[in-house]
Amino acid sequence: MDTNVDPLQNPAKRHKCCACYKQYKKKEHLIEHMKISYHSIHQPRCPICLKHCKFLESIREHILGPSCSDIFSEQGCQLCLKIFGSSGSRNEHMEFCRLPAPIPLGTTASPTIVPDFDCQDSCDENHVGMRPRAIAIDCEMVGGGSDGSLELCARVCLVDEDEKVIFHTYVQPQMPVTNYRYEITGLTEEHLRDAMPLKQVQQKILQILHNGESIGKVRLESSDGGKARLLVGHGLAHDLDCLKLSYPNHLLRDTSLYPPLLKTNSVSQSLKYLTRTYLGYDIQTGTHDPYEDCVSVMRLYKRIRGQVHQDEGNRTSTSTASNNIIPESDPWGSKEVDNLTPDELYAMSNSNFKCWCLDLKPRSS
């Protein structure tokens, strides 16, 4: 019997991904899997068995399975998906994790709210070395055109990270309104009679977002330490399009597009579903209120942003990977990859999206 057979060539040996636990008969299949899986410390993981998944929805389905359901049902939080030492500590946590619904502004509120707000920070929160602050936006649309299908922004609201209203106004449509969509918006002709012109609305929103930063620097993705604010929303492209505004992609945080929040078929979830599932309350039970949606999308962003992930530098790796034997230009194309262990392959893998937890890290000076 030949005792010098290479175990990697042993057909009975299975090659297991150390992130998602999938197994492959051939090493090259595992390598190909790691190349396209984008496993990283930022991927959603089961809090019990630590299995990586692409979506948080996949984690929710996984913890209902036989391997982890018993522990999670006793010690897991259904909202943030964290595990606690006992059901008692879990229940105590849930009192704070399940948030109360925000009180809507209502359509009877003053048509324009612009609190005493300095559009350029006087403090150091956005200066070099500090993290950028976020602003949440939501718009309500009415219908224009002969069939009322054209989207016209009629109301807009902005809130800060402390859920304070920065800007709220009704917006004067640029063409006649043929459908106020009252059942959804609660708006009537009266609300828009003295509404703010769209151009003025645009100027105020950009003034808030740019925060005294030059347009050139706001658009420069590689610029660190800028003062421009992150813009948080759900379906931001639609809101910005109806406002006829543009804002750099690297400053957008869209809960309808963020990969871990998508359905398992990569389709967007509704804000109503995300709010109920991750924050624990219902919204949009009657007419839609932009303040309620703004607060909810900001809370959702902050909850996801607040997830604690291991530092990239602490990931499991061996001297082979750390000594840069694998070429930086095309690491997966090197023959050295064949000799790496599953842990080393995982150390080479990187996320294909920017995790929101990175927004809490100070910018480089």
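Modeller: I begin with burial: a residue is called buried when its relative accessible area is under 20%, exposed when that area is over 50%, and partly exposed in between, using a 1.4 Å probe and the protein chains only. By that rule Tyr-258 is buried, and Trp-356 is buried too. This is a predicted model, in which local features need pLDDT of at least 70 and side-chain atom pairs count only at pLDDT 80 or more, while totals for chains, interfaces and linings use all residues. Residues are numbered from 1 along each chain as its sequence is written, and side-chain values use heavy atoms, with hydrogens and water left out.

Biologist: What makes Tyr-258 and Trp-356 a stacked aromatic pair?

Modeller: Rings of Phe, Tyr and Trp (for Trp, its six-membered ring) pair if their centres lie within 6.5 Å, and planes under 30 degrees apart count as stacked, over 60 as edge-to-face and the rest as tilted. The centres of Tyr-258 and Trp-356 are 3.8 Å apart and their planes are at 15°, so the two rings pair and count as stacked. Tyr-258 lies in the loop between β10 (252–254) and α10 (271–278) and Trp-356 in the segment after α13 (342–348), so this contact ties together parts that are 98 residues apart in sequence. Helices here (H or I, at least four residues) and strands (E, at least two) are DSSP runs, numbered from the N terminus. The structure holds three aromatic pairs, and one aromatic cluster is formed by Tyr-258, Tyr-301, Phe-353 and Trp-356.

Biologist: How do you know that the charged end of Lys-16 sits over the ring of Tyr-21?

Modeller: A charge sits over a ring if NZ of Lys or CZ of Arg is within 6 Å of the ring centre and within 35 degrees of the ring normal. The charged end of Lys-16 is 5.0 Å from the centre of the Tyr-21 ring, and Arg-60 lies over the face of Tyr-278 at 4.5 Å from the ring centre. Both distances therefore fall within the 6 Å limit.

Biologist: How do you know that the span of α7 agrees with what a helix should have?

Modeller: The expected span of a helix is 1.5 Å times one less than its number of residues. For the 13 residues of α7 that gives 18 Å, and the end C-alpha atoms are 18 Å apart, so the two values agree. The buried residues of α7 are Leu-198, Val-201, Gln-202, Ile-205, Ile-208, Leu-209 and His-210.

Biologist: Which other residue has a positive phi although it is not a glycine?

Modeller: Ser-266 does, with a phi of about 65°, and it lies in the loop between β10 and α10. Its relative accessibility is 40%, so Ser-266 counts as partly exposed.

Biologist: Why is Ser-37 called buried?

Modeller: At 17% relative accessibility, Ser-37 falls below the cut-off for burial, so it counts as buried. Ser-37 is part of helix α1 (residues 27–37). Pro-248, in the loop between α9 (236–243) and β10, is buried as well, with a relative accessible area of 14%.

Biologist: Why is Glu-74 called partly exposed?

Modeller: Glu-74, in helix α3 (residues 69–75), has a relative accessible area of 47%, which does not pass the cut-off for exposure, so Glu-74 is partly exposed. The C-alpha atoms of Glu-74 and Gly-85, eleven residues apart in sequence, are 9.4 Å apart in space.
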